[in-house]
Amino acid sequence: MTLNEINDLVKECGSASLGFLDKNGNPSIRRVFSTWHKGLGGHLISTNTSSMHTQTLLENNKACLYFVNCKTFQGVCLTGTATVHFDHEHKAMLWNEGDEIYYSKGVDDEDYCVIEFQADYGRYYRYDNIGDISAEELTEFDKGAVYKNYKTN
């Protein structure tokens, strides 16, 4: 797979599996909406402040994101770090009409936050090949990229 093909896969998924280590050091995973991307390396996720994955990431920010298309049997696992943002700017950027159903106090609800995931490297799979994505490749691919919402309705 080329980096452009992997990038297309990420943009088309709409969600990802977020892997992290729980408070006991055991692997855990959550399915999250992930439509905001900055190239291949940067990803934004809106979520609950009170959720276990958010609270765990505040203690240990090592994480991975796995994007997969089950129909075409291809995927990419990106490994890196997660930063939890509580500021209005990040929260407003990801806010959607109707989010009040989850966060009754609106965009500044204290139970609403944004996780910013930054990949350090990756590994991809497709029926015809497997490969690694280095930090250097991510940096080069992401040059000039800005966060953009690839939400598909």
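The model is predicted, so local features need pLDDT of at least 70, side-chain atom pairs count only at pLDDT 80 or more, and totals for chains, interfaces and linings use all residues. Residues are numbered from 1 along each chain as its sequence is written, and side-chain values use heavy atoms, with hydrogens and water left out.

**Salt bridges**

Side chains of opposite charge can pair when their charged atoms come close. A salt bridge here is a side-chain nitrogen of Lys or Arg within 4 Å of a carboxyl oxygen of Asp or Glu. The structure holds six of them.

| Pair | Closest N and O atoms |
|---|---|
| E5 and R126 | 3.5 Å |
| R123 and D132 | 2.7 Å |

E5, R126 and D128 are linked in a network of salt bridges. E5 sits in helix α1 (residues 3-13) and R126 in strand β7, so their pair ties together parts 121 residues apart in sequence. Helices (H or I, at least four residues) and strands (E, at least two) are DSSP runs, numbered from the N terminus.

How covered are these side chains? Buried means under 20% relative accessible area, exposed over 50%, and partly exposed in between, with a 1.4 Å probe and protein chains only. R126 is buried at 14%. E5 is partly exposed at 34%, and D128 is partly exposed at 42%. In the R123 pair, R123 is partly exposed at 44%, while D132 is exposed at 53%.

**A nonpolar patch**

F73, Y125, Y127 and I130 make a nonpolar surface patch of about 460 Å². Patches are made of residues with over 30% relative accessible area and no salt bridge; like charges are joined within 9 Å, and nonpolar side chains (Val, Leu, Ile, Met, Phe, Trp, Tyr) within 5 Å. Areas come from the Shrake-Rupley method with a 1.4 Å probe; for residues, only the protein chains shown count as cover.

Y127 lies in the loop between β7 (112-126) and β8 (129-133). Y127 is exposed at 60%. F73 is in the loop between β5 (62-69) and β6 (74-85), and is exposed at 52%. Most residues other than glycine have a negative phi. F73 is not a glycine, yet has a positive phi of about 55°.

**Buried residues**

W36 belongs to strand β3 (residues 36-38) and is buried at 14%. Contact means heavy atoms within 4.5 Å. Beyond four places in sequence, the contacts of W36 include M93, L94 and Y147.

S34 lies in the loop between β2 (27-33) and β3. S34 is buried at 0%. Residues touching S34, beyond four places in sequence, include G14, H43 and F67.

T54 is in helix α2 (residues 52-59) and is buried at 0%. A polar contact is a pair of N or O atoms within 3.5 Å; within protein, one must be able to donate a hydrogen and the other to accept it, and residues adjacent in sequence count only if both atoms are side-chain atoms. The T54 side chain makes one with the side chain of S51, at 2.9 Å. A polar atom of the T54 side chain also lies 2.9 Å from the backbone oxygen of N48.

**Cysteines**

C13 is partly exposed at 23%. C113 is buried at 0%. Its sulfur is 18 Å from the closest cysteine sulfur, in C64, too far for a bond.

Methods
Disulfide = S-S within 2.5 Å.
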